[in-house]
Amino acid sequence: MKKALFASLLSFTLVMPAIAATAFTDGKDAVDYRQASFQLIRHNMGDIQDMIRGNVAFDAERVQRRAEALALLSQLPWESFTIPGTKEAGGNVKPAIWDNLPEVQERGAKMAADAATLLAAAKTAEQAEIRKAFGDFARNCKACHDKYKAD
């Protein structure tokens with residue numbers, strides 16, 4: 001039994017890099033992934049925003065869970081912009097994005113850094129710190145949307 005388990009784990013370990021290298025089957029798949037990532041980001045942001053605005057009761061544990069999710073999710077969409085065929089596959093982006101991918105990648109790195117700052121603030125449970133960190137995170141998102149997201 002132990003040999004079979006070991007063989008299965010070894011096989012999985014050897015095959016995993018091949019699976020990871022083919023995470024996107026084509027440009028459309030990359031666009032779907034990117035849009036799903038941004039949708040999850042939007043959901044988690046919306047929940048924190050509702051607490052900051054007082055639309056729902058502030059829950060420090062829930063803010064921290066959402067901030068943890070944002071710290072991970074904010075790292076996901078950026079690779080999908082570089083997959084061959086993504087430009088032709090569509091999505092809700094302005095054509096200018098394809099001429100400015102280095103800037104988009106920089107904004108993505110800033111978004112991830114802002115999410116890490118938000119997570120650190122969430123761990124303090126101090127609403128003023130969370131509000132400031134969330135504002136920085138949200139402004140960065142909006143700036144990119146204003147420049148590159150199609151209506």
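Here is a short walk through the structure above, one selection at a time.

Before you click, note that this is a predicted model, where local features need pLDDT of at least 70, side-chain atom pairs count only at pLDDT 80 or more, and totals for chains, interfaces and linings use all residues. Residues are numbered from 1 along each chain as its sequence is written, and side-chain values use heavy atoms, with hydrogens and water left out.

Start with the whole protein in cartoon view. You'll find 6 helices and 0 strands (DSSP runs numbered from the N terminus: H or I of at least four residues for helices, E of at least two for strands). Of the 151 residues, 32% are buried, meaning under 20% relative accessible area with a 1.4 Å probe, counting protein chains only; over 50% is exposed, and in between is partly exposed.

Next, select residues 101–124. That's helix α5, and Ala 115 sits in it. Ala 115 is buried, at 0% relative accessible area. Show what's around it: beyond its neighbours within four places in sequence, Ala 115 is in contact with Leu 70, Ala 71, Ser 74 and Phe 137 (contact means heavy atoms within 4.5 Å). Now pick Glu 68: it lies 47 residues from Ala 115 along the chain, yet their C-alpha atoms are 8.3 Å apart.

Last stop: Cys 141 and Cys 144. The protein's count is 0 disulfides. Cys 141 is buried at 12% relative accessibility, and Cys 144 is buried with a relative accessible area of 12%.

Conventions:
Disulfide = S-S within 2.5 Å.
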